[in-house]
Amino acid sequence: MGMQTNRRTLLKGAAAAATVALTKRSPVFAAPAVVQSTGSTVEITYWGSWAGDLGKAEQEVVKRFNESQQDVKVDYQYQGSYEETAQKLTAALAARQTPDVSALSDVWWFKFYLNQVLAPLNDFIAADKLDTSDYVDSLWNEGVRKDVQYWIPFARSTPLFYYNKDAFREAGLEEGPPKTWSEFAKVAPELVKKEGDKVTRTAFTHATGAGYVAWLFQGVDWAFGGAYSDPDFKILINEPKSVAAGEFYRKSVQDGWANITQDPDNGPDSDFFNGLTASTMASTGGLVTILANAKFDVGTHFLLEEETFGCCTGGAGLSVLATSPKEKQEAAFKYIAFATSPEITTFWSQNTGYMPVRKSAIDSKEMQDFFAKNPNYKTAVDQLPKTRQQDSARVWIPNGDQIIGKGLEQILVNNQDPQTAFDNVARTLTEEAQPVIEALKAIGG
Amino acid sequence: MAISVAHHAQVAYKPQTRTARRWRPSGEALLFLLFVGPNLFFFAVFSFWPIIYSAWLSFHRWDMIAPIKQYVGLDQYRYLLHDDVFHKVLANTAVYTVGAVGGTLILGLLVALLLNQPLRGRDGARAVIFAPSLLSGAAISVVWIYMFDPRFGIIARLLDLVHLSSPSWLTDPAWAMPAVLIVSIWKDLGFATVIFLAGLQAIPRDLYEAAKVDGAGVLWRFRSVTLPMLSPIVFFLGVTTILNTFQSFDIIQVMTKGGPVDATNTLIYYVYQQGFIAFNAGRSSAASLTLFVLMLGITLLQVRYAERRVHYG
């Protein structure tokens, strides 16, 4: 038989192997040289919040970027919802393991700005000769503080009024929803469907606090002539007009034509495409999923009016982290410029329902043809010029969204008197605004 | 934990100090350190230090990013003392704990008594009852969300058969807590049942025979033989289930996120909400210290008073 292995021969062999490895610089030891040879490519980490249909589109954007050039390689990492992304970024900052570029939603980027962990982008914009005037002004300006850009619009949305055209037709509403909320309340009972005394379809479904009801209600509040707050954190949500809007919400449920979503996870979107409600308000970012799942004729419409028209913007933008080294920041900015370029914003918009962030993209033949074929996509873009930036109380006060959302849940679920609910909300908001006001003073605005 | 460790250490060293002037490690002491060391190290890093740090944080205001943690004294505790939401959270925690612990123990005992009978298919039934406790809380919660759906969930269908309409389990504040309790009890029932079964089988048969000879009926035998003999099991399950329930997070996070309108917001969830949604590290720490003190108090009470009634046969 062959050589018998015992401990001595094994040790000898190991020693010999080690000597060879040390003297001949085996491939294992030479490894760093290989890495250095590709050192001209800057690798950056990008944290995003899109899954499902949106996640696929996002990965395609990253893939196209990586294939378009050799200097920068983006590693896309999905982090969960906007909230979870912000949580992880907070933890990453403590651990000093931050990504180089991150998606941050309308309510979160400001918190990171206040702590001065977002890189000012003006120098990169100038170096890259980015045509800032081509960005939709209102979206672009939301990311500016004291003339410095910190947050660039990417996945921007507005609420839309989604309705089931078949259901509306059956109820005699050929033209879609009426102009105002009050008029809608009058016809809404016609849209309710019952089996016996069991409601199988409501006319409208509200979101929960976790489903950003405070974002959706922002436009309704404005339409009724109210506001959550002024830009200087003076809380206005318990003023009479906001309370009237709250009372409208309360009555919608009490009168039996609206409900609060039974699907805390997917919100009114899934109730709507499952045919459990004839209409709802939801983000333009839900459009692709809704169209893909609905088995009826889907209509989109501007938000309804009351005293006036009101609709806010929302969604997420991209920011570069101040903690990254300069060359990675530059690389990260290159990705942002690519992801918001006319060509990519067109692709992104058509595959998600988010709005194109570039004027030239909106006017492009490709987008106009697309709109002609898919009028539902156009509603958001048409509505865009009439939208406004959200009130500071929701987006800039920490947890403001959830504080207002909980007040709305009190009204919708617990049938609480809106004045009481909003008085409580106002008290909490005023308290929670104090640290922000102090921090803003400390960094001079 | 720390107290008992220190106590043992003293006992181990005492003979040494008497025989030798200068302390030198004996083999026994080294062995002791070897056994205790790794455990102590991880406890210190992952339990003791966080407790101390969060106690310190509870006197500050901090958003978890800012370089400066602002000292605010007892403000965070004062806030909790006056906050309606926190009061509700405490009440919810009491309801949830009593409901889940009581439900698990009582149902667990009943099921164990049933499965202790020589029935057909008993082994299969035991496996079925035990299975949920092996599953991930988050995963079963997702399944239960579908089952609870008032329009197309299986529970609604079953209620429909007996002409009852389903409540809006997860969106009605009155029903959300029962819904969460049902899932929690269902999940923990198997573990309690198995432990009870083991306890039941350890009871000597002659005790029952003697009781029977003395003319004791079924209920009387249960009261005078089964319960006293099971008391160490009840005690053990009581302590572990209470501690588990206090810290139960997964079901609430997945099913209700503490809602609707805080109807299922318990202490541990509130700690998470304040910490990782509102990024209010100080308030979150103050709440978590409250939780810590409560759990410590309950455990001490249990050891002090409940253990006295336990009969170690």
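Modeller: Of the 445 residues of chain A, 55% count as buried, where buried means under 20% relative accessible area, exposed over 50% and partly exposed in between, with a 1.4 Å probe and protein chains only. This is a predicted model, in which local features need pLDDT of at least 70 and side-chain atom pairs count only at pLDDT 80 or more, while totals for chains, interfaces and linings use all residues. Residues are numbered from 1 along each chain as its sequence is written, chains are lettered from A and ligands numbered from 1 in the order in which they are written, and side-chain values use heavy atoms, with hydrogens and water left out.

Chain A has 21 helices and 14 strands; these are DSSP runs numbered from the N terminus, with helices being H or I of at least four residues and strands E of at least two. The C-alpha atoms of chain A fill a box of roughly 90 × 60 × 50 Å along the principal axes. Among contacts between residues at least 6 apart in sequence, 75% join residues at least 24 apart, a contact being heavy atoms within 4.5 Å.

The domain assignment, which is automatic or from a database, gives domain 1 of chain A as 42-150 + 314-386 and domain 2 as 159-312 + 391-442. The centres of the two domains, taken over C-alpha atoms, are separated by 27 Å. Across the boundary, 22 residues of domain 1 of chain A are in contact with 27 residues of domain 2 of chain A. The area buried between these domains is about 2200 Å², with 59% of it from carbon and sulfur atoms; buried area is the accessible area (1.4 Å probe) that two parts lose on being put together, summed over both. On the domain 1 side, A:N376, A:Q383 and A:K386 lose the most area to domain 2 of chain A, together 28% of what that side buries.

Two loop residues of chain A have positive phi without being glycine. A:D147 has phi near 65 degrees and is found in the loop between strand 4 (144-145) and strand 5 (148-149); A:D147 is exposed, with a relative accessible area of 69%. For A:N399, phi is about 70 degrees, and the residue is placed in the loop between helix 19 (392-395) and helix 20 (400-412) of chain A.

Contacts also link the two chains. B:T171, in the loop between helix 7 (154-161) and helix 8 (173-201) of chain B, is buried, with a relative accessible area of 9%. Leaving out residues up to four places away in sequence, B:T171 touches A:I260, A:T261, A:Q262, A:V413 and B:P260.

Within chain B, B:T226 is found in helix 10 (residues 218-246) and is buried, with a relative accessible area of 3%. Apart from neighbours within four places in sequence, B:T226 is in contact with B:L113, B:L200, B:I203, B:Y208 and B:R221. B:L107, in helix 4 (residues 84-115) of chain B, is partly exposed at 38% relative accessible area. With residues up to four places away not counted, B:L107 touches B:I185 and B:L189; the C-alpha atoms of B:L107 and B:L189 are separated by 7.1 Å, although these residues lie 82 residues apart along the chain.
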